[in-house]
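Subject: Handover of a structure and notes on its packing

Dear colleague,

I am handing over the structure below, together with some notes on what was found in it. Please read the notes with the coordinates open.

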Amino acid sequence: MDVSLLFQDFNHSKFFVYFCLLLFFALFALRLDGAITCSYWIVFIPIWMWKAVAICGAVVGSYVWWRYPQYRMERDAYVQYKAMIITVGLNLLLLMFELLACDTLQNPPPPYSPRWILAFIPLLFYCLVSVAACVWFLRHERSFEVEMVSAVNILQLIFLALKLDRFINWPWTLVFIPLWIMMCVVLILVLYYIVIAILFLKSPDLVPEQRKANIYTAIRSVFFVIPLLTFEIILVEKLDGMRSTKYAIIVLPLILALVALMSMSFGDKRGNNWWFGMRKDFCAFFLEIFSCLRLYGNIKYKMENKASTDSSQPEQGSKQVESKAAKKWSKIEEREKCIVQILSLDEPD
């Protein structure tokens, strides 16, 4: 295993976001179960940490962009800077929704009060802006998975806000109909990845690295979609009163799905280099600061079977004995050789 290849296409932004979401959902489930009784403002600390890092990174990157104009001449500098500004703008819309949602959870509104509808307005606007962001990201070959998922879930968010404010009395199974439709499309994509990986497994037209990439993509997709679908089904049954499982157990498949997403960030496209004005890959910037870790980043090791190594040891020993014996006999033969003086007689003219 080559550790340097593991961090070659590491997307640090996605890894940090998925890690913060993992912590948030774990704390949120414990708060709903009553295992912890702290304020919702404390439960949302991983979300505040995510938004604080994003805003600080954009501010520092903008300062470097304004302070050093020569850096703008670097390759894809304008594209990456604009992508950073678009991303932080979307994060500000998410921050507005999260502040309103946290306040609504901390101070529950009376029945039939449009508090949740008002809280979802920034999120709905975020979904509309995500449509234009997806077009821009697609034109400039940037990743836009989160924005695409948000853009297609506008109807789901409207149903959710109306249900939370009790303006509709549908069961939660019907409220999540847009989500079921999207999950059906995602399952079709996962089956497509699996079929492609099986068909190209023995294809002579592909190099081994491409075959491994197809297999890894299929495996990661399965470990993400199946736990996510399991979480959604169990959650709907819990909300409809069909089971009494605790939220801490219901959230376990979602945590597994987030772990799968964190593993996908190691083979994804690299993140934006202009966060915090780094102007280079995060791993290269990190190793430049902590140069003592470069040795560990260049380690390469290979796992071998113990039985094969044990069986190869006698063969290596016999070969060494044979080589020593051959050298010994060659020395004896050289000693026994008769040395004859060469005489040359010059004939007279």
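Leaving aside its neighbours within four places in sequence, with which residues is isoleucine 47 in contact? They are Leu21, Phe24 and Glu98, where contact means heavy atoms within 4.5 Å.

Before the rest, a word on the basis of these values. The model is predicted, so that local features need pLDDT of at least 70 and side-chain atom pairs count only at pLDDT 80 or more, while totals for chains, interfaces and linings use all residues. Residues are numbered from 1 along each chain as its sequence is written, and side-chain values use heavy atoms, with hydrogens and water left out.

The protein chain has 16 helices and zero strands, both taken as DSSP runs numbered from the N terminus (helices H or I, at least four residues; strands E, at least two). Of its 349 residues, 32% are buried, a term that stands for under 20% relative accessible area, with exposed over 50% and partly exposed in between (1.4 Å probe, protein chains only). Among the contacts in the chain with a separation of 6 or more, 68% are between residues 24 or more positions apart.

Helix 6 (residues 115–139) takes part in two of the helix pairs described here. Its axis and that of helix 5 (residues 77–106) come within 8 Å and cross at roughly 165°, where axes are lines fitted to C-alpha atoms, for helices over the stretch in contact, and angles run from 0 to 180 degrees between N-to-C directions. The two helices are therefore roughly antiparallel to each other (over 145 degrees; under 35 is roughly parallel, 65 to 115 roughly perpendicular and the rest oblique). The residues of this contact divide into 23 nonpolar, three polar and three charged, with Ala, Val, Leu, Ile, Met, Phe, Trp, Tyr, Cys and Pro counted as nonpolar, Asp, Glu, Lys and Arg as charged, and the others, Gly among them, as polar.

With helix 8 (residues 154–164), the axis of helix 6 comes within 9 Å, and the two cross at roughly 175°, which makes this pair roughly antiparallel as well. The contact includes Trp116, Phe120 and Leu123 of helix 6 and Ile154, Leu157 and Leu164 of helix 8, and its residues divide into 14 nonpolar, no polar and no charged.

Serine 150, in helix 7 (residues 145–151), counts as buried at 14% relative accessibility. Leaving aside its neighbours within four places in sequence, serine 150 is in contact with Tyr126, Cys127 and Ser130.

Further along, helix 11 (residues 208–239) and helix 13 (residues 252–264) pack at an angle of about 155°, with their axes 8 Å apart, and are therefore roughly antiparallel. Helix 11 also holds glutamate 237, which is partly exposed, with a relative accessible area of 23%. The C-alpha atoms of glutamate 237 and proline 171, 66 residues apart along the chain, are separated by 9.9 Å.
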